[in-house]
Amino acid sequence: MGAERTEQADALLGELKRQTAGRLTVFLGAAPGVGKTYAMLARARELHRQGVDIVIGIVETHGRSETQTMAEGLPLLPRKQMGYQGRQLEEMDLDGLLARKPAIALVDELAHRNAPGSRHERRWQDVEELLDAGIDVYTTVNIQHLESLNDVVHQITGIRVSETVPDALFDRLRDIRLVDLPARELIERLNHGKVYLPEQAAQALQAFFSPSNLTALRELAIQTVAEHVDTDLRETRAARGMEGISIQRHVLIAIDGRGQSEYLVRAGAKIAERRGAPWSVVTVETGRSADAALHTDTLNQVASSLNKATHIEQQRLIEIDKAFSLARNLGGETEVLHNTDVTQALLDAAETRGARAIVIGRTREHPIARIFNRTLTQQLLQRCGRYELTIVNTPQARLHARRLSALAGRQLTGREPLLILLVSLGSVGTAALAEHLLGLQDLSMVFLVAVLLVASRASMASAVITAALSFLAYNFFFIEPRYTFYISAQHGVVTVVLFLAAALIAGRLASRLRMQVVALRAANSYTTAMQNLGRKLAKAADLGQVIAAGSSVLQSTLHAKTWIRINGETGPSTAANDLTEKDLVAANWTQQHGQTSGRYTDTLTNSSWWFLPVRSDKDTLGVVGLRFPSGMGRLSFEQRRLAESMVEDIGQAALRTRLVSELEEARVTGETERLRSALLSSVSHDLRSPLSSMIGAADSLARYSADMGPEDQQSLLETIHVEGERLDRYIQNLLDMTRLGQQGLTLTRDWIGIDELVGSASRRLQRYEPNVRIQHDISPDLPPIHVHPALIEQALFNVMENAAKFSPPEVPVLVQIRQIEGNKLRIDISDRGPGIPEDERRRIFDMFYSVERGDRGKQGTGLGLTIVQGIVGAHMGSVEALPGLEGKGTTIRLTLPWGGYANQEMKEHDERSQ
Amino acid sequence: MMRGPNRSNLGASPPRILVVDDEPQIRKFIDISLRSQGYATLLAGTGQEGLTLLATKGADLIVLDLGLPDKDGREVLKELRQWSRVPVIVLTVRSGEEEKVVLLDAGANDYVTKPFGVDELMARIRAFLRTMESSPDEGPVFDDGVLKIDLMQREVTVQGQVVALSRKEFALLSLLVRQPGRLVTQTQILREMWGPTHEEDAHYLRILVAKLRHKLGDNASAPRYIATEPGVGLRFIAKERHTA
């Protein structure tokens, strides 16, 4: 919506600019001598007669009398005389023209190079100034002077034109008029001396005027004009808010695979190229061929279905494949359309692509169909309305193929004759049984049902045969005189017609229905396969899983051995062994060039694998290799399309996992960064606090000890000592943390009583904090646990220290130890402090939590609990924070599996010793 | 020794200093040092305790730690500033200047970054208590033998030579000298000298300080008189007064 608005606004602005500034009208010719100046003057005369203020700025008549005559009577601005190196040169009087300010100025030879000393080097610059001044300019130019066509002209003629006009000037075009002259006539004019050529260049220019050069240049000129007309139209329409339509529209090429499809593609591509239009090639699969295509999907059926019909069908598909790959190489799009109505399918495709032209080959023209206006060509002509229909007559080979396929279509396949026979016999039997119940007229209904039955089950041919058989049987057995084929006009003719009509109508309906079902099934199987892949890929969390999921789905859907390599990761491992050196060469080529290679392609065909590139928006992520059974000579379009779509999806999934892992990486980096800064601030807080005390105390002693009593001096010394120890503890914590963080923690387990560990931790704590009271409640007879004693002691110490910090003075910290279910040891360490809000309980073990609180946190809370978690975690235990006893304070609960692990070992030990 | 409070003035009670810090060891050494220098001390381990002590017993100066268990030091500062103008020296482990500016804006008068030498803290404390006891109208305000600043006479001499200061230069110098040893924030200076609309124009000040330093023969990299606290403000280095 927004983009459209902008476009419209731009167009309006452009329109406005056009209206105020002067506009350029260009008389464009393919070569000198086509009569541009003459045409310009003729137009000018006409305008002059109408009273338009028109002035000749400069016109080169080159002494040609007709041109001279045309110029007579038009107001002429005197030329400016300029001296240059002793020569008199004449140039257009730009200032004079600006002062005169006519409505229209004629300025011949836009590409002209002005004489030295002029204001502008080039005449087109003069023209620009005129336009800026609001003067409309009529000018002439030859196609080879257009800047953008310089190279093309050089290629065509071998002459490099140095006097070029920038294309931007053409943005100010009001009108472009093509002055056209067929090459032959131009050469004639040249030979009659009617074309002015500068003498010194005449020789060179003679070569320029070859018929082929002139034709090519003429085509260029025509194209250029068409382009500008197109742009012009689009802009005007856009300015009026109309839907932008383009003159240059899509070319749709329809092929059927019945001979000469490639020829048709080439012909169509040429048409499109000539128009500079995008193009695509389509084929319409009506049910029957899709049926065959489906069958070829499974190898078994390929091998078994060697009858003629499928053989021809295969030939047809191969031809379509070839034509499609040719089309893709030539830059066209390809698509298989599914529809029972070929005409409608083509018209729909043309509509969606915004096609202007439809290119078809001469179709099979059934004489009868032609009578009823049912041929594709006739139908298209009737219904295509605004499309341009190009029918390309293709050579003879086509006829042959057609006849074959027509034959094949009529052949009865497999069990059909049996069906006909059975149904016919059945109907005769039924009729015989029912004869005495029903009248003769009703008996015919029995046969009619038989015909309908066959028509709905089998091919049209079978239905017609059944109709004939039924009629004969009916006639022979039931119509008087019986057992003769004699038909009385009364009964016979009506019955025959009825039977045949029923057979044809029902057969047609049934076959159409069947085709639709088959087409649907084809579309459906594609969708199902893609959905299946999508589901599996969605579950894949990393590249390895994407590769595994992708290869398994590809393998099961396409019945081909699959190998995938994305970003250097390959899979499945079973496929890797089947890749030979030359297969890898093809795979690498595909990776490098982003194009398919190997089997079924034109590149590195000696590989038995078909390699498809896995593309992202920018680059080739990897390669998918598919190895179909060696008996499979070709890929159906469906298979190709399915494989390509699937590979595309796999690529997207791979890209997604790449993004996810990049995100994850960024997150981890962010977290590491966070951890680093948390650690830094922890160091600054936890280390500085004791340091501050030590420095302060030492400094006080140094400076003021003379003013202090001995008790104070002693106290300061104590401070230094205690704080020194505290510092040591923090550093130990930091070291532990580093060890835990780097997973480098190795447990040296030993058997030890938990009471011993608690005792040790308590003693240590009381040494630092003499006022702390600790109350133990440990179940008697607890067996020893198998842990790393020093680490668990440290963990207990940290939790107890933490509890002591929050306990009000004189209120003891309670350590309660129990054996619980699951052979675990439960250690509860409770304080009666302020407690922790529920939503923060989980977070207190988070390294960031306490550290981020910085100054606010109680001293020493930095890493202690995080370390506890690390230590207990390493012992496969867990830590949690719970509300304290009687709802006051906090209980930190450590759960250690002392049994499972340890008992296992003990058991093993026991078993071994037995 | 002229370091402590005026001990000769025995009639008056010694200045009382409230120390609010949750670290018992820090509290202890500050307490011992302050007492050794003749100050009276009040000690608090939490913000609430500190506020209560200030309200009930009163103090001439507060040393406030920012890392308190019950409430953030800034909250304590905000709370006490609602009813008290007592000078506050903040103890902080943070060293970013934004943080300091925030603290000073919130009502702190000065700060000391942990870990600190006790001498540094004492100097800050003295700077506040001194201004309170000395009258700004006193004779030559500053004289270290080299630089002599007489605010009354508006005369500044360096080694006996009169230094011609512009009006602004003199204003800045007197602003700093009147609060020797104390931090004067950039915002304060700008507001006082150029008015509230120029609080952001730090470059005025930078240029002025450079000129002033030059005239006083001072050196920004090793200041003898005017020290810059980067991003925070200026401080007139208070050498002990050579009172005549």
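A residue is termed buried if 20 or more other C-beta atoms lie within 10 Å of its own, exposed if 12 or fewer, and partly exposed in between, with C-beta atoms placed from the backbone. Gly651(A) sits in helix α25 (residues 637-704) of chain A. Helices (H or I, at least four residues) and strands (E, at least two) are DSSP runs, numbered from the N terminus. Beyond neighbours within four places in sequence, Gly651(A) is in contact with Val614(A), Arg615(A), Ser616(A) and Leu621(A). Contact requires C-beta atoms, placed from the backbone, to lie within 7 Å. Gly550(A) is 101 residues from Gly651(A) in sequence, and the two C-alpha atoms are 9.5 Å apart.

The model is predicted: local features need pLDDT of at least 70, side-chain atom pairs count only at pLDDT 80 or more, and totals for chains, interfaces and linings use all residues. Residues are numbered from 1 along each chain as its sequence is written, while chains are lettered from A and ligands numbered from 1 in the order in which they are written.

Chain A has 914 residues, of which 37% are buried. Its secondary structure comprises 32 helices and 24 strands. Of the contacts in chain A between residues at least 6 apart in sequence, 70% join residues at least 24 apart. Mean pLDDT, the predictor's confidence in each residue from 0 to 100, is 76 for chain A. A value of 70 or more is reached by 80% of the residues of chain A. Within chain A, confidence is highest in strand β5 (residues 104-107), at 91, and lowest in helix α12 (residues 299-304), at a mean of 37. The pLDDT is below 50 over residues 289-307 of chain A, a stretch with 35 contacts in the model beyond near neighbours in sequence. Residues 851-861 of chain A also stay under 50 in pLDDT. There the model has 25 contacts beyond four places in sequence.

The UniProt record (unreviewed entry) places the feature "transmembrane region" at residues 418-438, 445-477 and 483-506 of chain A. UniProt positions follow the numbering used here, feature names are shortened, and annotations may be inferred rather than shown by experiment. Residues 418-438 of chain A are 81% helix and 0% strand, with end C-alpha atoms 28 Å apart. Residues 445-477 of chain A are 94% helix and 0% strand, and their end C-alpha atoms lie 15 Å apart.

Backbone geometry was examined next. Most residues other than glycine have a negative phi, and most peptide bonds are trans. Asn567(A), not a glycine, has a positive phi near 50°. Asn567(A) lies in the loop between β13 (561-566) and β14 (569-571) of chain A. It is partly exposed, with 14 C-beta neighbours inside 10 Å. Asp781(A) is likewise not a glycine and has a positive phi of about 65°. Its loop runs between β19 (774-778) and β20 (785-787) of chain A. Asp781(A) is exposed, because 5 other C-beta atoms lie within 10 Å. In chain B, a cis peptide bond joins Lys114(B) and Pro115(B), with omega about -10°. Pro115(B) is in the loop between β5 (110-113) and α5 of chain B.

Chain B has eight helices and twelve strands. Buried residues make up 38% of its 244 residues. Helix α8 (residues 202-216) of chain B has 15 residues and spans 21 Å from first C-alpha to last. This is close to the expected 21 Å, which is 1.5 Å times one less than the number of residues. Val209(B), Leu212(B) and Leu216(B) are buried in α8(B). Viewed down the axis of α8(B), the buried residues fall within an arc of 65°, so they line one face of the helix. The arc is that of the directions from the helix axis to the C-beta atoms. These buried residues pack against β7 (147-150), β8 (155-158), α6 (167-177), β11 (226-229) and β12 (233-236) of chain B. Exposed residues on the other side of α8(B) are His203(B), Arg206(B), Ile207(B), Ala210(B) and His214(B). Gly217(B) follows α8(B) and has a positive phi, near 70°.

At the interface, 23 residues of chain B are in contact with 26 residues of chain A. On the chain B side, α1 (24-36) and α5 (118-133) each supply at least two residues. The largest share, eight residues, comes from α1(B).

Technical notes. Two residues are in contact if their C-beta atoms, placed from the backbone, lie within 7 Å.
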